[in-house]
Amino acid sequence: MEIQWPLLIFSVLLGVTSGSFVFLAVGELKGKFKDVRFLGALIALICLAVGGCVSVLHMGHPERATHLLGNLGSGLSKELFIVAIMGIVSLAYLILAKKDYPVASKVFGILGGVIGLVLPFVAGASYLIAARPAWDSVALPLMFLGAGLALGMTLMAGLVLLRGKASEEGGFALKLALAGVIIMAVTTIAYVVWIAIAPYQAPTRSVDRLISGDLASMFWPGVVIIGIVVPVALTVLACVRSTKGDGGSGVADPKMLAYMMFGACACTAIGAVVIRIIMYAVGTSVEQFIYH
């Protein structure tokens, strides 16, 4: 299937919003990360707005986007509503982050985290089509969710560390980032496994294309090495350095740890893009579903 770039970009940016708000929500529950609340919410809101605008370009006539309101049961309509709700919550939290309303900030922060968990899942669920076996599994929306958690949490952890937080708060941020990249790795592998075991196997959607076929040149370097191994390795190394310090000194350089997190986020983004390209490549239809 031809790559739908507007939707691909939309889903990646949506993931940044999702992971960022889950990170901030945990911070609200633990009373941490107050220094990055405003910037984190701003980044999340910008990614949501840009992603939403880009996704509209997928439609042949963007001005007809309002027609989705006439079919509230469709996947696109559900995406529209969840994005709108997330936008309202993000804006409210952004405003509250500049004010001294701790209870309201906590409520909207946690609400944003809950919606953040739903957001990429709803976007991924819109691809669940029985006629496209390589898509028709919960593994696909879970893959979207996992990438989002890794993107947002590594980014937010980097922002925390960039402010010189290499002590308890920085260490906790790194633990969240590590959880994010591990979930990303597991859900990405789970989706690849689904491609291998999906029903109605055909050469166009075979996992052999990823392992040794025409998609291998993207899969191994783009998904496995850059998208999984490097982010996990960088995050684990950052966690180790945060506890042992550089060179056994017992003191870790927060900025160096921050750059490692930004590097992990960038590599995760590359991996997220490549696995989606592969997703479209193997998203061929079952002929008998079409003609019979």
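## Close-up views of a predicted model

**Figure 1. Contacts of Lys 32.** Lys 32 touches Gly 27, Glu 168, Glu 169 and Phe 172, when neighbours within four places in sequence are left aside. The structure shown here and in the other views is a predicted model. Lys 32 sits in the loop that joins helix 1 to helix 2. Its relative accessibility is 16%, so Lys 32 counts as buried, the limit being under 20%.

**Figure 2. Helix 1 and the residue that follows.** Helix 1 is made of 26 residues. From the first C-alpha to the last, helix 1 reaches 38 Å, close to the 38 Å expected at 1.5 Å a residue. Of its 26 residues, 20 are buried, so helix 1 is largely enclosed by the rest of the structure. Just after helix 1 comes Gly 31, which takes a positive phi of about 70°.

**Figure 3. Val 50 in helix 2.** Val 50 has its place in helix 2. Is Val 50 buried or partly exposed? With a relative accessible area of 40%, Val 50 is partly exposed, because this class runs between the 20% limit for buried and the 50% limit for exposed. Phe 10 is 40 residues away from Val 50 in sequence, yet the C-alpha atoms of the two residues are 7.9 Å apart in space.

**Figure 4. The largest nonpolar core.** This core has 84 residues, and Phe 23 and Tyr 191 are those with the most contacts inside it. The elements that give two or more residues to the core are helix 1 (5–30), helix 2 (37–56), helix 3 (75–97), helix 4 (102–125), helix 5 (139–162), helix 6 (168–197), helix 8 (216–244) and helix 9 (254–281). Helix 5 gives the most, with 16 residues.

**Figure 5. The surroundings of Tyr 191.** Residues up to four places away in sequence are not counted in this view. Tyr 191 touches Ala 134, Trp 135, Ala 139, Leu 140 and Met 143, and also Ile 275, Met 279 and Val 282.

Figure 6. About 70 Å³ of space lies in the largest cavity. Its lining is formed by Met 143, Ala 147, Met 184, Thr 188, Val 223, Gly 227, Ile 228, Thr 268, Gly 271, Ala 272 and Ile 275. Helix 5, helix 6, helix 8 and helix 9 are the elements that give two or more residues to this lining. Helix 9 provides the largest share, four residues.

**Figure 7. Helix 9 and its start.** Helix 9 has 28 residues, which should span 40 Å at 1.5 Å a residue. At the start of helix 9, a side-chain oxygen of Asp 253 comes to within 3.2 Å of the backbone nitrogen of Lys 255.

**Figure 8. Arg 205 in a loop.** Arg 205 is found in the loop between helix 6 and helix 7 (208–211). Its relative accessibility is 4%, so Arg 205 counts as buried. The side chain of Arg 205 reaches the backbone oxygen of Tyr 200 at 2.8 Å. Leaving out residues up to four places away in sequence, Arg 205 touches Pro 133, Ala 134, Ile 195, Tyr 200, Val 282, Thr 284, Ser 285 and Val 286.

Conventions: Residues numbered from 1 in each chain as written. Predicted model: local features only at pLDDT ≥ 70, side-chain atom pairs only at ≥ 80, totals over all residues. Heavy atoms only, no water. Core = buried A, V, L, I, M, F, W, Y, C linked by side-chain atoms within 4.5 Å. Buried < 20%, exposed > 50% of the residue type's maximum accessible area, 1.4 Å probe, protein only. Contact = heavy atoms within 4.5 Å. Expected span 1.5 Å × (residues − 1). Polar contact = N/O pair within 3.5 Å; in protein donor to acceptor, adjacent residues only side chain to side chain. 1 Å grid on protein atoms, 1.4 Å probe; cavity = no way out; pocket = protein on both sides within 12 Å on 5 of 7 lines; lining within 4 Å. Points joined across faces, edges and corners; volume = space filled by probe spheres on them.
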